[in-house]
Amino acid sequence: VGMGVESGYVGGGGGIGAGGIGGGRDEDASELRFGRDFDNPSRGMIIPVSYSEVKSLMMARESRSGQTSLPPVRVDNVVFYKAKKQVETFNRMANDESAASVRNQLESAMNPETGEPWLHPFEVIQIINLLPANAEEARALIPSLNSKDGLDADVLNKILQNVDSLAV
């Protein structure tokens, strides 16, 4: 399938762990370092996607099977259907509109002091996929949130409350 669903990224390769396919020992999600496959501008933009977005892409691909120049999705394609089952199991968004609203909310959350987004695209997707209940849980599940200057528990809890209200 070519999807690194565990990491929340769709793209080619992207090794996980020390010495993996994607770029060696420089990878550390807790420090938002994803190796040369993700940090190489010549490869184009690699966009992180949520389980909900992967589900939509898979459904669209399945429904267009045989209608486009793409080869049809075979009924016996075990990998495709196992990936689809995993995505359906772990997708926590009510529908595509909820997922889009949550993504927009998280991407537009800005640090008032710097005018920069609070969250890295990887963190946005992890929050969408995991839907942590509060700042403590979010920081335990997404360690890179611990190094955000000014993103205290109150700010993060407000962001997560907004997400929770949109995710249903």
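Contact here means heavy atoms within 4.5 Å, and helices (H or I, at least four residues) and strands (E, at least two) are DSSP runs numbered from the N terminus. The model is predicted, so local features need pLDDT of at least 70, side-chain atom pairs count only at pLDDT 80 or more, and totals for chains, interfaces and linings use all residues. Residues are numbered from 1 along each chain as its sequence is written, and side-chain values use heavy atoms, leaving out hydrogens and water.

Start with the helix pair. Tyr51, Val54, Lys55, Met58, Arg61 and Glu62 of H2 meet Phe80, Tyr81, Ala83, Lys84, Gln86, Val87, Glu88 and Phe90 of H3. By class, that contact has eight nonpolar, one polar and five charged residues (Ala, Val, Leu, Ile, Met, Phe, Trp, Tyr, Cys and Pro count as nonpolar, Asp, Glu, Lys and Arg as charged, the others, Gly among them, as polar).

Serine 52 also sits in H2 (residues 51-63). Leaving aside residues up to four places away in sequence, serine 52 touches Asn91, Met93, Asn95, Asp96 and Ala99. Serine 52 is buried, at 2% relative accessible area (buried is under 20%, exposed over 50%, partly exposed in between, with a 1.4 Å probe and protein chains only).

Leucine 32 counts as partly exposed because its relative accessibility is 22%, while leucine 131, at 17%, counts as buried.
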